[in-house]
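Work through the exercises below with the model open. Each task is followed by a stepwise solution.

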Amino acid sequence: MPDVTLDGEFLGTEFAVATGRVRDGQVLLSMQGTPLIIRGARERGLVTVLTFSPEREPFRSWKQREWFWGRLLEVPAGWFTSQPLNPYGGWSLDGAFGAMIDSRQVRKLPVSWLLLLLAVYLVVIGPLDQYWLKKINRQMLTWLTFPAYVVLFSLLIYYIGYKLRAGETEWNELHLVDLLPRGAQADWRGRTYASIYSPVNESYPLASALPWATVRGEFLGMYGGGQEGGRLAVTQLGEGFQAEVFVPVWTSQLLASDWVKSDTPPFTASLVPQGPNLKVRVRNSLDRPLTDLRLVWQGLIYPLGDVKAQSALELALDRDKAEMLDQFVQRRASHWQQFVQRRQQAFGDDRSRWLELDSTNVTAATFVGQLPGPGNNQRLFVYPAGLELSPLLEHGSAVLLAWDAGHAPVPSMKRFKTVRSQQNTMYRLAIPLGASGAN
């Protein structure tokens with residue numbers, strides 16, 4: 001960062017300051033006991049209060065005010081170096097969710113089997129055909145045997161492809177729902193990942209009647225040219241949308257829908273200080289249990305277990321049972337870029353392109369920013385703003401995750417019949433310390 005010289009004229013000037021009592025938040029700057037800058041966490045963001053007016057003198061004429069705003073907004077120091085900051089690359093986190101919910105009906109032919117089939121084909125149309133025709137002294141028959149081999153192997157390849165990829169229409173949904181409490185209600189900020197498998201070349205209708213909703217195709221990441229996958233036509237309406245997606249035969253297509261609604265929260269939660277630790281309280285308002293609850297706070301992830309339908313859970317956080325969040329994420333997501341990459345390949349090992357669909361992997365995706373980057377301004381994953389919740393932890397909030405297996409928070413956007421289907425939801429609630437998550 002360039003050297004910032006002191007402005008003696010500014011330092012010796014008086015200016016008006018509003019005074020009062022700081023109820024909560026952190027005093028970032030004070031002078032002679034008078035707070036000048038106060039910051040506090042509110043919901044999923046930060047509120048910064050200046051007790052002076054930056055639009056009046058002497059701040060208005062201060063020569064270093066640009067550096068003041070940069071420091072206040074926590075602009076990384078690396079942005080001010082002479083070296084150009086140009087982040088590049090990055091696999092799409094959409095691909096990780098696709099690896100979780102893509103149909104398991106589609107199986108890939110291992111490269112070793114493909115090479116073996118090619119070798120057998122070359123041997124048959126070459127040495128074997130020549131040896132057999134020479135033995136029966138009918139070399140001219142090669143004009144008939146060669147086309148026959150081509151037809152035979154073409155049918156064999158089609159049969160292998162049919163056995164590996166033929167199946168039934170399948171629709172799978174994974175919902176990530178951020179709960180934003182608003183008194184007795186809550187805003188539900190949802191992201192729905194949906195995968196459709198088609199056994200034929202077909203166009204499928206989609207629609208949503210939610211007031212705020214849209215849909216897009218899979219983002220292929222910066223290594224995919226920053227493009228969107230699939231052939232999707234969307235008509236945005238006053239409320240919701242109508243769409244149609246074309247899915248080629250024997251393939252899976254990933255879609256991502258963003259939506260917002262207001263409703264009664266499925267559960268409420270609060271954190272109460274108990275000495276140096278916390279006590280967590282969760283009340284489930286649903287008629288079904290919520291499972292695999294986890295609380296993330298101060299770099300630790302605490303397993304909370306399950307909470308039964310229409311009941312409450314209350315327990316003290318035990319650091320001995322907690323796990324470091326960065327280690328939790330690295331152990332589960334450090335190789336996800338390989339799954340995302342191989343998911344786009346036509347041949348390979350099925351085990352290297354499918355991720356288990358469970359709360360553990362979805363939790364790791366929620367905090368995938370904990371993974372160390374490759375360095376040199378290279379990004380590991382790219383994802384929409386707000387999908388990754390590590391910034392909330394940096395603001396001092398805790399994050400509660402609850403898994404609702406087999407259920408969806410909103411009606412499905414598919415408008416066609418399917419033979420196979422599944423729905424799962426991860427609820428995510430940010431809780432400022434000592435505040436109720438929803439009341």
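A salt bridge here is a side-chain nitrogen of Lys or Arg within 4 Å of a carboxyl oxygen of Asp or Glu. The model is predicted: local features need pLDDT of at least 70, side-chain atom pairs count only at pLDDT 80 or more, and totals for chains, interfaces and linings use all residues. Residues are numbered from 1 along each chain as its sequence is written, and side-chain values use heavy atoms, with hydrogens and water left out.

**Exercise 1. The salt-bridge network**

Task: Find which residues are linked with D178 in a network of salt bridges. Then place two of its pairs in the chain.

Solution: 
- Step 1. Search the whole structure; 17 salt bridges turn up.
- Step 2. Collect the network: D178, R189, R191, D258 and R428 are linked in it.
- Step 3. Take R191 and D178. Their side chains meet in a salt bridge of 3.5 Å, N to O. R191 sits in strand β6 (residues 185-198) and D178 in strand β5 (residues 170-182), so the pair spans 13 residues and links distant parts of the chain. Strands are DSSP runs of E with at least two residues, helices are runs of H or I with at least four, and both are numbered from the N terminus.
- Step 4. Take D178 and R428. The closest N and O atoms are 2.7 Å apart. This pair also links distant parts of the chain, with R428 in strand β20 (residues 420-431), 250 residues from D178 in β5.
- Step 5. Check burial. Buried means under 20% relative accessible area, exposed over 50%, and partly exposed in between, with a 1.4 Å probe and protein chains only. D178 has 3%, so D178 is buried. R428 has 1%, so R428 is buried. R191 is buried as well.

**Exercise 2. Helix α7**

Task: Which residues of helix α7 are buried, and why do they line one face?

Solution: 
- Step 1. Helix α7 covers residues 336-343. Its buried residues are W336, Q337, F339, V340 and R343.
- Step 2. Look down the axis of α7. The buried residues fall within an arc of 160°, so they line one face of the helix. The arc is that of the directions from the helix axis to the C-beta atoms.
- Step 3. Recall the general rule: an α-helix has 3.6 residues a turn, so residues three or four places apart point the same way.
- Step 4. List what covers the buried residues of α7. The cover includes β4 (91-92), α3 (93-101), β11 (251-263), α6 (325-333), α8 (359-366) and β18 (381-382).
- Step 5. Find the salt-bridge partner of R343. The partner is E218, with the closest N and O atoms 2.7 Å apart. E218 lies in the loop between β8 (212-217) and β9 (231-236), 125 residues from R343. Both R343 and E218 are buried.

**Exercise 3. A three-stranded sheet**

Task: What is the strand order of the open sheet that holds β1, β2 and β3? Then describe the surroundings of T34.

Solution: 
- Step 1. The order is β1-β2-β3, with antiparallel pairing. Two strands pair if DSSP finds at least two bridges between them.
- Step 2. Find the edges. β1 (26-31) and β3 (45-50) each have a single partner strand, so one side of each is left without a neighbour in the sheet.
- Step 3. Neighbouring strands of this sheet are turned by 15° against each other on average, direction ignored.
- Step 4. Count the bridges from β1 to β2 (residues 34-42): there are five. L29 stands opposite I37 in β2.
- Step 5. Turn to T34, which lies in β2. Its relative accessibility is 26%, so T34 counts as partly exposed.
- Step 6. List contacts, meaning heavy atoms within 4.5 Å. Leaving out residues up to four places away in sequence, T34 touches V17, T19 and L29.

**Exercise 4. Backbone exceptions**

Solution: 
- Step 1. A cis peptide bond joins E57 and P58, with omega about 10°. P58 is in the loop between β3 and α2 (65-72).
- Step 2. Phi of N137 is near 60°. N137 lies in the loop between α4 (111-135) and α5 (142-165). At 54% relative accessibility, N137 is exposed.
- Step 3. Phi of Q310 is near 50°. Q310 is in the loop between β15 (300-307) and β16 (312-316). At 53% relative accessibility, Q310 is exposed.

Terms used: Axes fitted to C-alpha atoms, helices over the stretch in contact; angles between N-to-C directions.
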